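Here are my notes on the model, for you to check against the coordinates. They cover the sheet first, then the aromatic rings.

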Amino acid sequence: QAQELRLKRLNCSISDRFQSDTMALGSVAERDLQTKTKLAVGSYFSETYVEAREKFRWSAAALGTELDVRLEALKVKEPDYTIDVAVVKGSSSRGLAVHSSGVHGIEGFAGSAIQTAAMHEMLCSGIRPEVTTVFVHAINPFGMAHHRRWNENNVDLNRNALTEEGFKEVLDRDPNLAGYEDFEDLMIAKSAPSKWFVYVGLCLKSIYLIARYGVRHLKRAMVTATYHHQQGIFFGGRELQPSHRLLGAFLSKNFGDVPSSEVVWIDVHTGLGPKGKDVLLVNKDGRASMVQAFPGGEVQCNDDADSSEGSQAAGYELVCGGIKSYYGRFFKGGASATGRSAALIATQEFGTLPGIAMARAMVIENRGYHFDAANRDYWSTYTRDCFYVRELAWKASILERGSTVFHQMLKFGATRAGIFATTPKPAA
């Protein structure tokens, strides 16, 4: 089996495949490159959660023939929904780089492709990373499997990462703090989506509400989430979900002795922004470090009330329960009294479709999920097509920028850990 894995390395040439000059798809002279690009892109992206997970597992197993790799599956839900974690041991005992995907289920296909390609590239080079690298695949496996953003309990995991005190706080606050209940007819599923609602009623209702309250108020109400309406979109839940409990326990057990100041983490999402263009979202206290360590990328702060109207970060100033403010507590030094951690955790967000299209898709899918169970697969195509753009150019941009940011993360992780840059040497 090991020999077969080694033979498959003959198909390695990732870096060359994803250069921007191969994206000249309309040129006759580039048709051979176009074919190669299609094959390369198609080999990393998947159409189902099971396919994505098998590619991830195979990549980790193949990489294990060259480097020190440990693969572990954390079972979230029966019969077989798992968070898969691949740990690639670094050449140094210091520092940690984490790359995660699938917090929002359906958005996980982009991050999964980046992770599979990154491990494939490591396999091809045979070079061990300087810092131990952890790939976390499909934090929300149920959502990824069923093309939903929410998990098996209809919970948004990126609003659910809270302590017991945090849940008490959000449950005690005004349910309409950010205007969620102003848009109750859109946000909360109360009946199955009829043809009239899908093609006419939702449009008319949205026009009225936007004219009354404004687009920014709608976005702010949505992303701030609800902790009171269980059948609503962006429901943050009332207790910590299994995915967070399992992943937190894994990190604490395996990396609890790593100083949080030596941890850098990139979490991949899709949705906000122009199609195929990415932005790096970080808390304000990490902005200066991100700008310096990730050149070429746009950095925004989603806890800044002054974010510009059209930016991806606009409207997030009241959001609680995101993973950026939660997972630092599982490393040495934990979180401060204010909940801040020295760990640098950032989101890489890739644009898909306009925001209004995403809102429409989430509203329709949520109604179908709750009130038309027999046709859930059909209703889930609305969110699938909004958050997973199955176009060659979009996929190529995901891999190109995803790879760039991944390598910048590794370099920054080594810098934070105080590892001086050296000429990489192949693993023994």
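1. Terms for the sheet. Helices (H or I, at least four residues) and strands (E, at least two) are DSSP runs, numbered from the N terminus. Two strands pair if DSSP finds at least two bridges between them. This is a predicted model: local features need pLDDT of at least 70, side-chain atom pairs count only at pLDDT 80 or more, and totals for chains, interfaces and linings use all residues. Residue numbers start from 1 along each chain as its sequence is written, and side-chain values use heavy atoms, with hydrogens and water left out.

2. Eight strands form an open sheet in the order 1-2-4-3-5-8-6-7, and the pairing is mixed. Strand 1 (69–77) and strand 7 (299–301) are the edge strands, each pairing on one side only. On average, neighbouring strands are turned by 25° against each other, direction ignored. Axes here are lines fitted to C-alpha atoms, for helices over the stretch in contact; angles run from 0 to 180 degrees between N-to-C directions.

3. Strand 2 (residues 81–88) runs antiparallel to strand 4 (residues 132–137), with five bridges between them. Val87 stands opposite Val134 in strand 4.

4. A helix on the sheet. Helix 5 (residues 108–125) packs on the sheet. Its contacts (heavy atoms within 4.5 Å) include strand 3 (96–100), strand 5 (263–275) and strand 8 (344–351). Helix 5 also touches strand 2 and strand 4, and its direction makes about 145° with that of strand 4.

5. Aromatic pairs. The whole structure holds 16 of them. Rings of Phe, Tyr and Trp (its six-membered ring) pair if their centres lie within 6.5 Å; planes under 30 degrees apart count as stacked, over 60 as edge-to-face and the rest as tilted. Tyr326 and Tyr327 are edge-to-face, at 5.1 Å centre to centre with 85° between the planes. The centres of Tyr327 and Phe330 are 5.7 Å apart and their planes stand at 45°, so this pair is tilted.

6. Buried means under 20% relative accessible area, exposed over 50%, partly exposed in between (1.4 Å probe, protein chains only). Tyr327 is buried at 0%. Tyr326 is buried at 5%, and Phe330 is buried at 17%.

7. A ring cluster. Phe45, Phe109, Tyr388 and Trp394 are linked into a cluster by ring pairs.

8. Charges over a ring. The test is NZ of Lys or CZ of Arg within 6 Å of the ring centre and within 35 degrees of the ring normal. Arg148 lies over the face of Tyr369, 3.6 Å from the ring centre. Arg376 also lies over the face of Tyr369, at 3.9 Å.
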